[in-house]
Amino acid sequence: MPGIDKLPIEETLEDSPQTRSLLGVFEEDAAAISNYVNQLFQAMHRIYDAQNELSAATHLTSKLLKEYEQQRFPLGGDDEVMSSTLQQFAKVIDELSSCHAVLSTQLADAMMFPITQFKERDLKEILTLKEVFQIASNDHDAAITRYSRLSKRRENEKIKAEVTEDVYTSRKKQHQTMMHYFCALNTLQYKKKIAMLEPLLGYMQAQISFFKMGSENLNEQLEEFLTNIGTSVQNVRREMECEVETMQQTIEDLEVASDPLYLPDPDPTKFPVHRNLTRKAGYLNARNKTGLVSSSWERQFYFTQGGNLMSQARGDVAGGLVMDIDNCSVMAVDCEDRRYCFQITSFDGKKSSILQAESKKDYEEWICTINNISKQIYLSENPEEIAARVNQSALEAVTPSPSFQQRHESMRPTVQSRPPATRTSSTGSLGSESAALSALSLDSLVAPDTPIQFDIISPVSEDQPGQAKTSGQSGRRTNPFGETGGSKSETEDSILHQLFIVRFLGSMEVKYDESPDVVYETMRQILAARAIHNIFRMTESHLLVTCDCLKLIDPQTQVTRLRFPLPNVVLYATHQENKRLFGFVLRTSGGRVDSRQTSVCYIFESNNEGEKICDSVGLAKQIAFHAELDRKASEKQKEIDRVKEKQQKELNKQKQIEKDLEEQSRLIAASSRSNQSSGEGQFVVLSSSQSEDSDLGEDGKKKRESEA
């Protein structure tokens, strides 16, 4: 049979991403084996459980054996000998599919026992070792993280000893479990052959002994084939036992030899520093800025490849470029919360990284190695000899240099400033040259003969091309000192304030603003135009995202360079591959043609935060949308309240009128009753007066009239 693929037990202590990636392949192979063995076990169990279904069960077994060629095992999938052997078994089992009676005891001993033992013991052992290894790996990562957080200034010997012992114990545990796990996975590559061949061999032997059909179905040629298969199985078993003994001995030797390496910071006297290296690999902690002041540390596997520094996270298939370290500067730096830190700065000074080594030995070796690569020693025929000659300069790089800024300025290439007239002409002349670029792009996305703006216009001019005045911005002046002049800021009421560092690449007018393709096409044209015209200068700004607008703020003077109303931002997207690039389309009410709306696409570069910015803009638009819905609902409710209040006033007025009418009618009725009663009284008085007048005579009447 062909050679067996094995995991390298010698590389378990290094625990590199390559080893983890190879381990993942073996784990996938173990899962595939478990899946296939479970199917084969079920097929054979049907043979054992039901004699009446023997024909169907043997047919399914034959089918599974025939499908072995289509199975895609990550390891050993192209084993032609194994495939041909299983195909031969499948052919014989097809011939025996007409047999409907099986001796249950023989099948239980010869067929079910080996595959059950492999399924219940070996495969479960792999799963158990996998869980134990995962726990040990997590404990080791946690111990390394605690050890890396040891303070340099406030060093506590007791805490340091406890953390160091924790690292030693966890690393030793991880190494031991990893070696045993690798041994079990390597052993599985042998057992998987036995686990499938032995049950089939026992099955066939049981058929031969039970049916006595040697001359008809089980002839001498088949017996010879089965004998050869049995011999092959025994050979594989002996080879496996020898390999297991060898791996166990290797594990013991590596445990003894690796015991001093379990310490995170070994004694430099016992492990000397190699200063002539031109290649190095290992784990480092990289500092990542999470804000203007705060930062976080991330542990990754770093290695040098030619003149490049590469990094690779655990689980990644390949590494990614961190920095070009040809002609770079490397120096030790003093971090407040970390030890063994050094900084790498590119030759032009635009990119720098602060890394932390695990031990002083690695710290000095990394600095020397990068210093040797920076001098391009790795390109020579004898890099170690030349590195030994310049070893003194590598030693000087270990000490923090106070004149690093002067070294950095001397290595920076001189860039001639472009005259203003030249820049204006180049910006304005891009209209004719961008037509050649747009001819290669989608004409339906970008307007033809569209000039590209590479710079942000100063806020002194309010009439900005490609950006119309808003109703709240037309009569407003910008304070150059960033003061509000006593007025309330327009973003104080916003519940969302997110600030990002961006660099403006360019903007241009577009014809279409309903698909992210217009953003991708604009990115392509602006980057191509920058490359054609050798424009590498970018203006850095702070992009403030609120629920009202997007603002480009000068990071030094805090002056608002550009303001984009959020309702006018109709489209935003991140580049499909380069997540540092993002852009948005602003729809304005005037442009080159005032009678129609125009759309301008703005392209920016960020620090790998393109998706975060787009998510922030989407969140701002969502908050603004819900706020607008709440405002409309509130206005509608106010209108309803006003209508109800008006109706209530009308109702009260009507009630008052009815009340007044009722009161008036009551008064009229009362008045009529009083008039009637007063008339009767007058009649009585007149009657009495007439009688008196008759008694008094004519003189009495005259006297009464005069008195009246």
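Trainee: At roughly what angle do the axes of H1 and helix H4 cross?

Mentor: The axes of H1 and helix H4 (residues 104–148) cross at roughly 155 degrees and come within 10 Å. Axes are lines fitted to C-alpha atoms, for helices over the stretch in contact, and angles run from 0 to 180 degrees between N-to-C directions. Helices (H or I, at least four residues) and strands (E, at least two) are DSSP runs, numbered from the N terminus.

Trainee: Before we continue, where do these values come from?

Mentor: This is a predicted model, in which local features need pLDDT of at least 70 and side-chain atom pairs count only at pLDDT 80 or more, while totals for chains, interfaces and linings use all residues. Residues are numbered from 1 along each chain as its sequence is written, and side-chain values use heavy atoms, with hydrogens and water left out.

Trainee: How are H1 and H4 oriented to each other, roughly parallel or roughly antiparallel?

Mentor: H1 and H4 are therefore roughly antiparallel. Angles under 35 degrees count as roughly parallel, over 145 as roughly antiparallel, 65 to 115 as roughly perpendicular and the rest as oblique.

Trainee: Which residue classes make up the contact of H1 with H4?

Mentor: The contact of H1 with H4 has 18 nonpolar, six polar and four charged residues. Contact means heavy atoms within 4.5 Å. Ala, Val, Leu, Ile, Met, Phe, Trp, Tyr, Cys and Pro count as nonpolar, Asp, Glu, Lys and Arg as charged, and the others, Gly among them, as polar.

Trainee: And how far apart are the axes of H1 and H2?

Mentor: The axes of helix H1 (residues 17–49) and helix H2 (residues 54–66) are 8 Å apart, and the two helices pack at an angle of about 160 degrees. H1 and H2 are therefore roughly antiparallel. Among the residues making this contact are Tyr36, Leu40 and Ile47 of H1 and Leu54, Leu60 and Leu64 of H2. By class, the contact of H1 with H2 divides into 11 nonpolar, three polar and one charged.

Trainee: What about H2 and H3, at what angle do their axes cross?

Mentor: The axes of H2 and H3 cross at roughly 160 degrees and come within 8 Å. H2 and H3 are therefore roughly antiparallel. The contact includes Thr58, Leu65 and Lys66 of H2 and Phe89, Ala90 and Ile93 of H3. Its residues are five nonpolar, five polar and two charged.

Trainee: Now some single residues. Where is Pro74 found?

Mentor: Pro74 is in the loop between H2 and H3. Pro74 counts as partly exposed because its relative accessibility is 35%; buried means under 20% relative accessible area, exposed over 50%, and partly exposed in between (1.4 Å probe, protein chains only).

Trainee: Which residues does Pro74 touch?

Mentor: Not counting residues up to four places away in sequence, Pro74 touches Val25, Glu28, Asp29 and Ala32. The C-alpha atoms of Pro74 and Glu28 are separated by 6.8 Å, although the two residues are 46 residues apart along the chain.

Trainee: And what does the side chain of Ser84 reach?

Mentor: The side chain of Ser84 reaches the backbone oxygen of Val81 at 2.9 Å. Ser84 lies in helix H3 (residues 80–95) and is partly exposed, with a relative accessible area of 43%.

Trainee: Is His542 buried or exposed?

Mentor: His542 is buried, with a relative accessible area of 12%. Its place is in strand E9 (residues 539–545). Leaving aside neighbours within four places in sequence, His542 is in contact with residues including Phe500, Ile501, Leu552 and Pro555.

Key
Polar contact = N/O pair within 3.5 Å; in protein donor to acceptor, adjacent residues only side chain to side chain.
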